[in-house]
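Dear colleague,

I am passing a structure on to you, and below it you will find my notes on what was found in it. Please read them with the model open beside you.

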Protein chains: 2
Amino acid sequence: MKKIFYLLTLFLSTSLLAQDYTEYVNPFIGTSNYGATNPGAIAPRGMVSVVPFNTSGKGNKMEKDSDWLSFPYAYENTIFTGYSHVNLSGVGCPDLGAVIVMPTTGDLNIHPSEYGTTYSKETAKAGYYSNFLEKYQVATEVTATQRAGISKYKFPAGKANLLLNLGQALSNESGAMVKVVNDQEIEGMRMIGSFCYNNPKTIYPVYFVMKVNKKADRTGVWQQHNKIDGIEAQWMSAYNGQQRIIEDAYYPIIGDSLGAYFSYDFEEATEVEVKIGISYVSIENARENLEKEVSNVSFDEIANRAKDNWNEKLSRIEVEGGSDDDKTVFYTALYHSMIHPNVMSDVNGEYPEAKTRKTKKTDGERYTVFSLWDTYRNLHQLMTLVYPEQQLNMVNTMLDIYDETGWLPKWELNGTETFTMVGDPAAIVVADTYLRGLRGFDEQKAFEAILKSAYPVEGGNPVRPCVDNYIKYGYVPVEDELEDKLWGSVSTTLEYTVADWSIAQFAKELGDQEKYKEFYNRSMGYKKMFDKESNFLRPKHMDGKWHEPFDPAHGANFEHNIGYVEGNAYQYNLMVQYDIPGLVKQFGGSKAFVNRLDEIFEKDQFDMANEPDMAYPYAYNYIKGKEYKTQDKVIELREKYFTNKPDGIAGNDDTGTMSAWVVFSMMGFYPDAPSTPQYALTTPAFDKVTIKLDHDVWGTDELVIKKEGGNTNHIQSIKVNGKTKKGYFISHKDLVGAKEIVFHTK
Amino acid sequence: MKKIFYLLTLFLSTSLLAQDYTEYVNPFIGTSNYGATNPGAIAPRGMVSVVPFNTSGKGNKMEKDSDWLSFPYAYENTIFTGYSHVNLSGVGCPDLGAVIVMPTTGDLNIHPSEYGTTYSKETAKAGYYSNFLEKYQVATEVTATQRAGISKYKFPAGKANLLLNLGQALSNESGAMVKVVNDQEIEGMRMIGSFCYNNPKTIYPVYFVMKVNKKADRTGVWQQHNKIDGIEAQWMSAYNGQQRIIEDAYYPIIGDSLGAYFSYDFEEATEVEVKIGISYVSIENARENLEKEVSNVSFDEIANRAKDNWNEKLSRIEVEGGSDDDKTVFYTALYHSMIHPNVMSDVNGEYPEAKTRKTKKTDGERYTVFSLWDTYRNLHQLMTLVYPEQQLNMVNTMLDIYDETGWLPKWELNGTETFTMVGDPAAIVVADTYLRGLRGFDEQKAFEAILKSAYPVEGGNPVRPCVDNYIKYGYVPVEDELEDKLWGSVSTTLEYTVADWSIAQFAKELGDQEKYKEFYNRSMGYKKMFDKESNFLRPKHMDGKWHEPFDPAHGANFEHNIGYVEGNAYQYNLMVQYDIPGLVKQFGGSKAFVNRLDEIFEKDQFDMANEPDMAYPYAYNYIKGKEYKTQDKVIELREKYFTNKPDGIAGNDDTGTMSAWVVFSMMGFYPDAPSTPQYALTTPAFDKVTIKLDHDVWGTDELVIKKEGGNTNHIQSIKVNGKTKKGYFISHKDLVGAKEIVFHTK
């Protein structure tokens, strides 16, 4: 077995917690099957992760320059080319994967296609990863704080090299500056951004300082020279278009595709520690981050701290009963829900303001990596309930971004807005947070911010394209899509209506009846897209005619499909979570609705790997007598798609959205309808789940969920604090006030 | 007439000097015929020059990407693409030509091949240049301090743009970092170096800060994206391999081929001032240079100061009589002798140490751009005599470089050693300076330094390759050349022997008889290369046989020629200035010697455009009765090759070496034999030359040279302080002590 899931605690924990929940974190889950997670070392919501980079080396099964890879690590791959220090986890578009350190032995070789090596003895746990580089006989271990990565390399006697490769990355940007400060320190910056390889204007630098605990015997920089044509080329020696090495360059070298190296002559086997501090503000801040977080702290102590930090986070939910695999799926999912959004502010509170990247300072923590089209559906609800301090950081970051740019974020990445995906998800997150009762942000500003993107704006509304026609027609007419003004007129309409539902509920809560009505009415616009003949939400023309041809099965697997975003008519058929009863009426009643739901699952038109239909299994709860199908489906899907294996996430984890689905589903409740502060109930995976709640926020310390009774997965009855509950939904208020919910199974 | 030589003084000089010598500076001299000078604005020995860049625009006669151009400006060209702020003057290899600012009007266009414009109304004088950009109807003026350039653009009403192009340059390096600080300031750095397009390891950044006196209405950065192949390219939009514009990027953008712009909407015609500070240490220093030298000073005031500074320098030699053209040739040559070496230290005294580029500080001035193979022959002798404070800066810089790198410089460029050309020229410069009596540097260190490069060194002697065989055989055997260990075994031998002569004389002066003998003997090694059959210095094998085939006429015009560097056997036939009497004996007597000298001139084998034979015209002085031929030849060559026209320098000015030849030759004396503190005498071009001497150095204030008598150019007699002088040489000591030298012509 090549990869060993690290169940044993190697380091003495400094924590007093009796239970070590990190035992149940298997960072290899999601590293295959395009889960896009990685086994690298990371602290909770860390800016830095130290990830074994294995997607750009000759001999790998999948290689970023010949496949569409959005991740620095693939379980199937075998060639390691270093540790990257800034990375995305569970994201379907490539970026970052940069600041890569590679240990080698022997003569200096700076070509990744040549210096890559197979590896063995791979282990990973929360905040820790190690392997053995076979070509070099080097044992490596890595760990991380929030803003620094630490590597330990055990070199054999002889020549050794540390290569800091600033060319290789999971980005088609390659500009960098590197300066060898002295024989123990390198500093610089590297351009990243251009998310998905198609956002050429959203590029920006990441800054770093690297410190090594051994003095290098030789140092230098290398750089790829542009290929020059014409008369100049005649004078250039062989370096034209080639890499060149510049020894002893203690000054900045700038350009595309460069790197720096430290070389050593070790008389005996030697352990080398490499510490890299990262910042998005400046080299000085990267140095301060490094010094404040890791200087004078041993590798083992840092690894211990990372583990303790994870343990503190994971311990907020204690599960009992269930197999070790179940627990591992659960805690790994919980772990994955706390990778992104991640901190962007430095230890001194500084961060680059959105868009302009001017340096700003916060007393708290500035977050980044908001994949809101994904996360609005469940991740923020998990945070609101269990980690309200994190959710508040997120909402306040979103409001700061509004202050800085005039707009709430959509798909924010390190201070840039990538405008990836569709809809107005920030409105939903902000409203949902408020509606569940979490306070601690400026609600008036929040309301102002979500209203802004809800209307047409002089010069164009970047969040909601075609919002004018959406308001005019009640839906986005397919003409706008055909004219390339947006992507997926049906999907976009549905995203707008759920945002408008959110605004309506927020308005109601704030006592603004007028806005409530206006946006409630808007939210019902989905009905105009409902074709009562086919019982599908279909692309529609301005004149009210349905767009033809129409094939509800077309558009699976990311085929381009008019009307729909990353899916087909099946996968958007029920994406009206806030008004399933209304949708049922559109269907003509429960029977047709349930039939369609059954059909979707039977025809394999349900896509567990993407977000639009992820609440479908819970839709049976709306139909009296069919709730058992929710119980069956959730367990079936969970056991099929979420396992303690590298391919144990259905698809892209989407910055923890898939994982949040599992976390909720295993606890027995799911926030199926964003901005409707309720949860759909289903059979828990565990005998007992204890959620530690923030007393200041929810007025209570704990919620206990128990599964008792027969051995089937079907629920006989549900008791909330001893009282039998009617129906299979519970409001957020009742849930947090419940103290105990007992599911009696048949 | 397109170009107007600016004879009029436009600005009121603040100087009290009665005479304005800058009236006789025509910066267009040398801008054609590969003189490689430029008409840009520069202060004496300025780090910055502001040069109209016209060698990289579509439509030009000569274009750097299709010709071997080593200069930013060619008189013949017609397309202007901006003002470059760091430039070389009179250098035969390309480098610098970077930090280019281009004013345009209308919509933003960042492509040099499209935004170039024809120009008219070109004027240039010392420290000032102006033109009119026809395409944009923009009048431009530029001036400079030592470390900053200032441009003034008069834009018509409407849209206007300032383009800071960091891609275009006279370098095949293109890496840069640029940051728009705010709507009036841009900072950054750009890689330069790789001198001659073939020194890939000698690259380093130049730092700049640009400030504009008008707030931009729009700002942005552009960058050329590398051409990406493979799967990634499919996702990239049209920007793959193209320029892209990033608006409002107030943060560093790094990579190859980038730039930044300020755009304006002018309601009326508007004058914009752009100030650029340069440093080789840091952006902070570039800003300090700018602030200390030009902030709060008007363009006109800066132009006045530049003129005054030049006037102060030029006024050290006053010439009377002669035509305006003669005076212009003379003062322009004197001006060209004070472009390089130039200051490299910042206003705060900081500069990058040689090789490592670590920041060091000086109380004085650190110089750079030492093209010593050229300048050892006459430029330093001119500086020693008239500008000893500058020569001391040069020698002390050279000794500092020895301290920093372990070696004296050879062809130093901004802290890098390019090892261009052959020989050991620094030894000659240091010895010659000492031998002429200039003190103020550490003579013991100087002696140690020149001795170091005179011997074989473990690991190789980078200054004198094959010095081991040179010592062993008394000459560099042609085998070493055939094995590609060096360039030109005869030429290199001669360079080594003149260096060894210099060391010998220095040793003698220091009282080291042993070293004197050793190096005197070495210096006579040239005789071993003298073939008494052909009377040529010829490539010779280890076994003493002459290398065949041998054609003394082969190798003109830079053809590759075994034995010789940039020349042929004729052009090196007499390059033993320190021992012409000995050489005459080798020839078998005066007759053969004079015959050969005559033959060289008659057969057009004399190359005025290069250094090895530049003292030939003075060689007649060694033959009694033939001195008149020196007088004839010097005048003939001067009038033929050095004129008040763009092609008025024989070839590359070689950082003022050609110009120093003219300056001396027009004053009537020439330092024909480096490290022999003497001057060969000839007919002055002027009736009176008054040289102001540094009393502290030479013990006298003035040397007056007069030409009196008949109208011919032949000398009848020479009187030194009233006493008739014998022979046509004068020692340096006698010259500075002369008070008055009168040439009586026939």
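What covers the buried residues of α14(A)? The cover includes α10 (443–452), α11 (467–473) and α13 (489–510) of chain A, where contact means heavy atoms within 4.5 Å, and where helices (H or I, at least four residues) and strands (E, at least two) are DSSP runs numbered from the N terminus.

This is a predicted model, in which local features need pLDDT of at least 70 and side-chain atom pairs count only at pLDDT 80 or more, while totals for chains, interfaces and linings use all residues. Residues are numbered from 1 along each chain as its sequence is written, chains are lettered from A and ligands numbered from 1 in the order in which they are written, and side-chain values use heavy atoms, without hydrogens and water.

Helix α14 of chain A spans residues 513–523, and A:Y516, A:F519, A:R522 and A:S523 are buried in it (under 20% relative accessible area, with exposed meaning over 50%, for a 1.4 Å probe and protein chains only). These residues lie on the same side of α14(A), because they cover an arc of only 135° around the axis, taken from the directions from the helix axis to the C-beta atoms. The face turned away from that buried side carries the exposed residues A:E514, A:K517 and A:N521.
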